[in-house]
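Hi everyone, thanks for coming. I'd like to walk you through one model today, so please take a moment with the sequence and the structure before I start.

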Amino acid sequence: REVWVIVTAAGSGSRLGAEVPKALVPLGGHPALTRVLINLSQVEDVTGVIVTHPESQRELFAQAVPAQLPYAIHLVPGGVSRQASVYAALELLSEISPQSLVLVHDAARALTPPAVFERVIEGMLEGAVALVPALPVKDTIKQIRPEAAAEDFPLVLGSPNRDALRAAQTPQGFDFERLWAVHQKARDLSADEAKAAPDDAALMEAFDYPVRIVTGDELALKITTMVDLKLAEILAEEQPI
Ligand code: CTP
Ligand code: MG
């Protein structure tokens with residue numbers, strides 16, 4: 001079965017506030033996206049990769065693609081939200097490989113080790129419907145009302161049992177046909193009812209598909225803020241390529 005990886009890289013990185021799009025931020029001498037594509041070349045069984053890029057920056061992103069990758073590679077313009085970017089990539093995949101397994105991965109998780117991709121692919125080939133790499137949460141989580149978020153001292157409603165919580169990462173694995181179907185349904189709804197889903201697995205959950213956890217990795221951390229970037233830079237120095 002073909003295995004395709006969608007690498008979402010079309011965001012601007014507004015919370016990071018770097019001078020270049022977040023996916024092109026250098027980490028130990030190589031752009032984040034380049035690191036993802038090189039790590040993917042060490043993953044067995046990858047047929048092809050689809051990268052979503054900011055609409056007006058195709059050339060810049062093409063320059064971050066290493067020559068001679070062992071898999072097919074396509075660049076597609078992303079959309080206004082991550083969900084819309086994934087939709088655009090799935091639309092291409094519906095034309096070129098509709099029977100495939102698909103992994104959806106954030107370029108912002110630039111240091112994700114090949115072993116995480118391999119665990120997800122293996123679980124999918126063994127018959128999982130949807131797999132999310134995740135880790136136990138380190139912080140105690142406090143629940144508040146979303147409407148109170150802007151208050152100075154929002155009231156705590158409770159503290160969910162940490163044993164019942166997992167922090168989700170990517171790559172998330174799916175059967176293409178099912179993921180494409182839920183993305184199309186979500187887009188039909190999105191006009192009025194549906195809010196954007198936090199991730200692809202959440203869309204599958206919303207349509208009652210069984211989503212399961214597979215062990216993630218601390219190195220799959222998402223670069224969101226400057227502190228994350230500083231940490232990733234240090235870690236990248238230990239991963240020469
Ligand atoms: N992404 C995308 N298309 C968008 C928005 C995000 O492909 N319209 C990608 C980002 O490039 C990133 C991943 O989705 O690799 C996770 O999103 P996030 O960390 O939120 O990145 P940004 O949206 O770029 O950052 P911010 O929210 O701070 O602007
Ligand atoms: Mg974002």
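Let me begin with a question: which residues of helix 3 are buried? Keep that in mind for a second while I say that what you see is a predicted model. The answer is Arg82, Gln83, Ser85, Val86, Ala89, Leu90 and Leu93. These residues sit on the same side of helix 3, because the arc they cover around the axis is only 155 degrees. As for the helix itself, residues 82-96 make up its 15 residues, and the distance from the first C-alpha to the last is 21 Å, close to the 21 Å expected at 1.5 Å a residue.

Now let's step back to the whole chain. The protein has 7 helices and 10 strands. Its radius of gyration is 18 Å, which agrees with the value near 18 Å for a compact globule of 241 residues. Along the principal axes, the C-alpha atoms fill a box of roughly 55 × 40 × 35 Å. Buried residues come to 38% of the 241. And here is a number I like: of the contacts with a separation of 6 or more, 74% are between residues 24 or more positions apart.

Back to helices, and on to helix 4. Helix 4 covers residues 114-125, 12 residues in all, and its reach of 16 Å from first to last C-alpha is close to the 16 Å expected. Val116, Phe117, Val120, Ile121 and Met124 are its buried residues. Their arc around the axis is only 130 degrees, so they share the same side of helix 4. What lies over those buried residues? The cover includes strand 1 (3-8), helix 1 (32-40), strand 6 (101-106), strand 7 (130-136), strand 9 and strand 10. Just after helix 4 comes Gly127, with a positive phi of about 115 degrees.

Helix 7 tells a similar kind of story. Its 12 residues, 226-237, should span 16 Å at 1.5 Å a residue, and the end C-alpha atoms are 17 Å apart, which agrees. Leu229, Ala232 and Ala236 are buried there. Those buried residues line one face of helix 7, because they fall within an arc of 65 degrees when you look down the axis. Turn to the other side of helix 7 and you find Val227, Lys230, Ile234 and Glu237 exposed. Strand 2 (26-27) is included in what covers the buried residues of helix 7.

Next, please find strand 9, residues 172-175, where Gln172 lies. Is Gln172 buried or exposed? With 26 C-beta neighbours inside 10 Å, Gln172 counts as buried, given that 20 or more are needed. Beyond its neighbours within four places in sequence, Gln172 is in contact with Leu103, Val104, Leu131, Val132, Asp199, Asp200 and Ala201. Another pairing to look at is Gln172 with Ala134: they are 38 residues apart along the chain, and their C-alpha atoms are separated by 9.6 Å.

The peptide bond from Thr170 to Pro171 is cis, with omega near 10 degrees. Pro171 belongs to the loop between strand 8 (166-168) and strand 9.

One is at Gln68, with phi of about 55 degrees, in the loop between helix 2 (58-62) and strand 5 (72-77). Gln68 is exposed, with 5 other C-beta atoms within 10 Å. Another is at Asp208, with phi of about 65 degrees, in the loop that runs between helix 6 (200-206) and strand 10 (211-215). Asp208 is exposed as well, with 8 other C-beta atoms within 10 Å.

Arg187 is in helix 5, residues 176-190, and counts as partly exposed with 13 C-beta neighbours inside 10 Å. Arg187 and Tyr87 are 100 residues apart in sequence, yet 8.8 Å apart from C-alpha to C-alpha.

Finally, how many residues surround ligand 1? There are 23, and the closest are Thr8, Ala10, Gly11, Ser14 and Arg15. By class, that shell holds 7 nonpolar, 11 polar and 5 charged residues.

That's my tour, and I'm happy to go back to any part of it. Thanks!

Definitions and conventions. Residues numbered from 1 in each chain as written. Chains lettered and ligands numbered in written order. Predicted model: local features only at pLDDT ≥ 70, side-chain atom pairs only at ≥ 80, totals over all residues. Helix = DSSP H or I, 4+ residues; strand = E, 2+ residues; numbered from the N terminus. Rg over C-alpha atoms; globule rule 2.2 N^0.38 Å. Buried ≥ 20, exposed ≤ 12 C-beta atoms within 10 Å, placed from the backbone. Contact = placed C-beta atoms within 7 Å. Expected span 1.5 Å × (residues − 1). Arc of directions from axis to C-beta. Near = placed C-beta within 6 Å. Nonpolar A, V, L, I, M, F, W, Y, C, P; charged D, E, K, R; others polar.
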